[in-house]
Amino acid sequence: MPERIWIIGASDGIGAALARSWAAAGAHLILSARSTDKLNDLAQSLGPDHHVVPIDVADRHSVDQATLEIAQLGQVDRIVHLAALYDPGKVTEVSADAAAQIVTVNLTGSFHIAQIAPKVLRPGGQLALCGSVAGYVGLPQGQIYSATKAGVINLAQSLRSEMAGKIDVRLINPGFVDTQLTQKNTFDMPAMITPEAAARAIIKGLNQRRFEIHFPRRFTYFLKLLSALPYWASLPIMRRLTT
Ligand SMILES: NC(=O)c1ccc[n+]([C@@H]2O[C@H](COP(=O)([O-])OP(=O)(O)OC[C@H]3O[C@@H](n4cnc5c(N)ncnc54)[C@H](OP(=O)(O)O)[C@@H]3O)[C@@H](O)[C@H]2O)c1
């Protein structure tokens, strides 16, 4: 039986690259995001075995509608939830509305997907939420985004224990990946990788047993070390890295 995988945030970037890799490996996909046109184009390019189900993860009604539609298609083996917004800028310059939207999409959206996951996953199926290395340590210019990603990491840790034995909860923490999201950054991004390389790392990690999938390791281990240091040591390094 081909694997059935629901990718949320499939219309662009890492999600679209994951869709191409998994479709090439024979999986049957459900592709979700807000941009129906982009999803339809992607599905068409991948072949006949895939469904498009539009969703706005910030809107609970939309999440519930998508859940009903997907449940009718049959149980899925994995949900990979990547939908997120990023709007960098100085804290005094970011609009309050944009910040609230980032919290709702990135953090509340992940909570919504965790709540409906048991309705669409087969018993023992996988739920992967997407944090970021920006959630290990707060990055300047991306404060509200970093804070939501720290929240997603914490949420995934809670769910891992709470859903143990029923759902295989995983956490994906990418470093810098070359997508429309990072094209907004004005600083040098070390160890940047392509969405295709990110997709390979995610698929490999989800097929193994570790809770956290983080990549590229040469960058993520450095940031893990930084976050383990006392603040008097880590904060000056962070400041130097990002100015
Ligand atoms: N790129 C990086 O360097 C990097 C690093 C660390 C973590 N990440 C994380 O990796 C994930 C994917 O990032 P990416 O770089 O591939 O970003 P991206 O290219 O901007 O893709 C984001 C996806 O999320 C969807 N989306 C946004 N808001 C949504 C909403 N309200 N409801 C449903 N879908 C929504 C977008 O589609 P629509 O606009 O059509 O809805 C798009 O498909 C994100 O969680 C991001 O935080 C990325």
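The legends below describe close-up views of a predicted model. Residues are numbered from 1 along each chain as its sequence is written. In this predicted model, local features need pLDDT of at least 70 and side-chain atom pairs count only at pLDDT 80 or more, while totals for chains, interfaces and linings use all residues.

**View A. Seven strands form an open sheet with parallel pairing.** The strand order is E3-E2-E1-E4-E5-E6-E7. Strands (E, at least two residues) and helices (H or I, at least four) are DSSP runs, numbered from the N terminus; two strands pair if DSSP finds at least two bridges between them. Strand E3 (51-52) and strand E7 (212-215) are the edge strands, each pairing on one side only. Strand E1 (residues 4-8) and strand E2 (residues 28-32) run parallel and are joined by five bridges. In this pair, Ile7 stands opposite Leu31 in E2.

**View B. The shell around the ligand holds 29 residues.** Gly9, Gly13, Arg34, Ser35 and Ala84 come nearest. Helix H1 (residues 13-24) gives the largest share of the shell, three residues. By residue class, the shell divides into 16 nonpolar, nine polar and four charged. Ala, Val, Leu, Ile, Met, Phe, Trp, Tyr, Cys and Pro count as nonpolar, Asp, Glu, Lys and Arg as charged, and the others, Gly among them, as polar.

**View C. H1 packs against helix H6 (residues 195-207) at an angle of about 65 degrees.** Their axes are 8 Å apart. Axes are lines fitted to C-alpha atoms, for helices over the stretch in contact, and angles run from 0 to 180 degrees between N-to-C directions. The crossing is right-handed, that is, the near helix is turned clockwise from the far one by less than a right angle. Residues of H1, including Gly13, Ala17 and Trp22, meet residues of H6, including Pro195, Ala199 and Ile203; contact requires C-beta atoms, placed from the backbone, within 7 Å. The contact residues divide into nine nonpolar, two polar and two charged.

**View D. Helix H3 (residues 60-73) and helix H4 (residues 96-120) cross at roughly 20 degrees.** Their axes come within 10 Å. H3 and H4 are therefore roughly parallel to each other, a term for angles under 35 degrees. Their crossing is right-handed. Arg60, Val63, Thr67, Ile70 and Ala71 in H3 meet His112, Ile116, Lys119 and Val120 in H4. Of these contact residues, five are nonpolar, two polar and two charged.

View E. Most residues other than glycine have a negative phi, and most peptide bonds are trans. Pro216 lies in the loop between E7 and helix H7 (217-228).

Terms used:
Parallel < 35°, antiparallel > 145°, perpendicular 65-115°, else oblique. Contact = placed C-beta atoms within 7 Å. Near = placed C-beta within 6 Å.
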